[in-house]
Amino acid sequence: MTDVLASRSFRGPAAEDAVEAIHNDLDSLWLDVPFVQDLDQMTFTTAVIESASNIVQHAEPAGGEPVELGVDITVQPTLLQARVSAYNAKPPFGPMEPMTPGEEAESGRGLALIEALVTTVTFERQDGTNTWVLSRTSSQG
């Protein structure tokens, strides 16, 4: 079944306070679905926050409009899913596959971390919007 038991949405300027707002949305979301195990909550929250932070730090505007961050989260009985979008953004720079950078690298670990925390990560680009779909199969439904 694909019953959505709880959801949260955010859209606003891609700025640091957006990441805090998304974190607060996730905190309130877990109160609505107490059956989701703590490990699933923590790992999924970390993946979503890492994705949103990557957009805030790295997304570049495609034109005159500033980049906007959008996050749509749904909880189904056995699936946690987030669509994390960068609106009005250039395509991401570099490969979209996770990789482990050298020990001296300052960045580049984000996608590898996200991949480790969720079941699947997919990337879509449409009409100037980059969207990462993060899905985690929940341990308990």
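**Note on a predicted α/β model**

1. Leu-113 lies in helix α3, residues 110–117, where helices (H or I, at least four residues) and strands (E, at least two) are DSSP runs numbered from the N terminus. Leu-113 is partly exposed, with a relative accessible area of 37%; buried means under 20% relative accessible area, exposed over 50%, and partly exposed in between, with a 1.4 Å probe and protein chains only.

2. Residues are numbered from 1 along each chain as its sequence is written, and side-chain values use heavy atoms, with hydrogens and water left out.

3. As to overall composition, the protein contains three helices and five strands, which follow the pattern β-α-α-β-β-α-β-β along the sequence. Of its 141 residues, 39% are buried. The protein exposes about 7900 Å², of which carbon and sulfur atoms supply 51%; accessible areas come from the Shrake-Rupley method with a 1.4 Å probe, and for residues only the protein chains shown count as cover. Among contacts (heavy atoms within 4.5 Å) between residues at least 6 apart in sequence, 65% join residues at least 24 apart.

4. The five strands form an open sheet in the order β1-β2-β3-β5-β4, with antiparallel pairing; two strands pair if DSSP finds at least two bridges between them. Strands β1 and β4 (120–126) stand at the edges with a single partner strand each, so one side of each is left without a neighbour in the sheet. From one strand to the next, the twist averages 10 degrees, with axes taken as lines fitted to C-alpha atoms (for helices, over the stretch in contact) and angles running from 0 to 180 degrees between N-to-C directions.

5. Strand β1 (residues 6–13) is joined to the antiparallel strand β2 (residues 68–76) by eight bridges. Within this pairing, Ser-7 has Thr-74 of β2 as its bridge partner, and Arg-8 stands opposite Ile-73 in β2. Nine bridges connect β2 with strand β3 (residues 79–87), again in the antiparallel sense, and here Val-75 is partnered by Leu-80 of β3. The two strands β2 and β3 form a hairpin with two residues between them.

6. Helix α3 has a buried side. Its buried residues include Gly-110, Leu-111, Ile-114 and Leu-117. Seen down the axis of α3, the buried residues fall within an arc of 125 degrees, so they line one face of the helix; the arc is that of the directions from the helix axis to the C-beta atoms. Their cover includes α2 (38–58), β4 and β5 (129–137).

7. The largest nonpolar core has 34 residues, and those with the most contacts inside it are Ile-22, Trp-30, Val-48, Leu-69 and Leu-134. Such a core is a set of buried Ala, Val, Leu, Ile, Met, Phe, Trp, Tyr and Cys residues joined through side-chain atoms within 4.5 Å. At least two residues of this core come from each of β1, α1, α2, β2, β3, α3 and β5, and the largest share, seven residues, is supplied by α2. Not counting residues up to four places away in sequence, Leu-134 touches residues including Phe-44, Val-48, Leu-80, Val-84, Ile-114 and Val-121.

8. Thr-45 is placed in helix α2 and counts as buried at 10% relative accessibility. Leaving aside residues up to four places away in sequence, Thr-45 touches His-23, Leu-26 and Trp-30. Ala-21 is found in helix α1 (residues 16–32) and is partly exposed, with a relative accessible area of 26%. Ala-21 and Arg-11 are 10 residues apart in sequence, and their C-alpha atoms are 9.9 Å apart in space.

9. Two loop residues deserve a check of backbone geometry. Most residues other than glycine have a negative phi. Asn-88, in the loop between β3 and α3, has a positive phi near 60 degrees and is partly exposed at 28% relative accessible area. Asp-127 also has a positive phi, of about 50 degrees, although it is not a glycine. Asp-127 lies in the loop between β4 and β5 and, at 75% relative accessibility, counts as exposed.

How values were computed
Predicted model: local features only at pLDDT ≥ 70, side-chain atom pairs only at ≥ 80, totals over all residues.
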